[in-house]
Amino acid sequence: MLIKPFFEQSPEPHIEALALGFFDGVHRGHRYLFRKLLEISTPERSGVATFEPHPLRVIAPEHEPPLLMTLPQKIQAIQNCGVPNVFIWGFDEDIRNLSPDLFAKHLRFLFPSLRQLVVGENWRFGFQASGTPAHLSAFGQNYGWKVHVIPPICDENGLRISSSLIRKLIKEGRILEAEKLLGDSWRVTGRVVKGAGIGRQIGFPTANLELDRSILWPPDGVYAGVAECKAKRCLAVINVGYRPTVSKNKQHTLEVHLINYEGGDLYGEILELSGWIRLRAEQQFASLEALQAQIKEDIARACSLKERDKWNV
């Protein structure tokens, strides 16, 4: 995917309403903002503009958070909300050092027909995040924009929905709680690569996933879930960790056993995992036979889960 810097983007004269933000996870708060966008404009004349990579990778790499979704996932999730036009601006030193007024001036150049802007209350722009929604509204008086500022959205218990809170819940293994704030399943995608073949040797072949290390991984352990590839869904047992029984190289891996899978090899394909339910912690076994027995038990537990009904597998 070719990502152009802010100053190399082409004008989009058909866009009349625009939402600005990073939108990691496309959670319920983001979805509320997109609904507001579509209330004030038609889908064809609405757009969402976001950045890649996360601004902290440029500003303070040591504080960059692991992301809830890949860029293709984010684009698809936004479009699934009804907004077909998604603009990706490469975040670099040029845009980092841009003053708020020059940012607004170039925004006007990119979207000459712009009349409506939608941003979250905490959205910031310009050098050292000095631009606020209030500044954007002031610029709007000169450029003919009406700025809609969306306050933080809370869940049914009054908890403020945010990407950082969702990351925290997932890191703590509270994936079902995180999904309630997302308003959707948390999905992890990765390309299938060749592994050591040990799973096949012991009767439980696995698909080894090469994951983007900038994306949030689930806590180490064994999970039941759903694997989807090439529009086919399959019940799966997923291992995240270091495989202490069969591996001595301490390489952090994610491998998936597809239950009752009868297709060919998946090397090079993109596998998407969802429906995460933790079965147990990763552990070291005294023998391969003991590991085989535990895997059989993990598969049986996965097959007995009542969640299978809603998973449609």
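**Close-up views: pockets and cores**

**View 1. The second largest pocket holds about 500 Å³ of space.** This is a predicted model, in which local features need pLDDT of at least 70, side-chain atom pairs count only at pLDDT 80 or more, and totals for chains, interfaces and linings use all residues. Residues are numbered from 1 along each chain as its sequence is written, and side-chain values use heavy atoms, without hydrogens and water. A pocket is an open set of 1 Å grid points that fit a 1.4 Å probe, with protein on both sides within 12 Å along at least five of seven lines; lining residues have an atom within 4 Å of a point. Lining residues number 25, with T70, P72, Q73, T189 and E272 nearest the centre. Two or more residues each come from α3 (71–80), β6 (188–193) and β11 (270–280). The largest share, five residues, is from α3.

**View 2. The largest pocket has a volume of about 1,100 Å³.** Of its 39 lining residues, G21, F22, N122, W123 and R124 are closest to the centre. Helices α1 (28–39), α2 (55–59), α4 (93–96) and α7 (163–171) each give two or more residues.

**View 3. The largest nonpolar core has 51 residues.** Such a core joins buried (under 20% relative accessible area, 1.4 Å probe) Ala, Val, Leu, Ile, Met, Phe, Trp, Tyr and Cys residues through side-chain atoms within 4.5 Å. L254, V256, L271 and W276 have the most contacts inside it. Beyond four places in sequence, L271 is in contact (heavy atoms within 4.5 Å) with residues including V188, V192, L209 and V256. Another core, of 29 residues, lies apart and includes L107, L110, F111 and L117.

Note on methods: Points joined across faces, edges and corners; volume = space filled by probe spheres on them. Helix = DSSP H or I, 4+ residues; strand = E, 2+ residues; numbered from the N terminus. Buried < 20%, exposed > 50% of the residue type's maximum accessible area, 1.4 Å probe, protein only.
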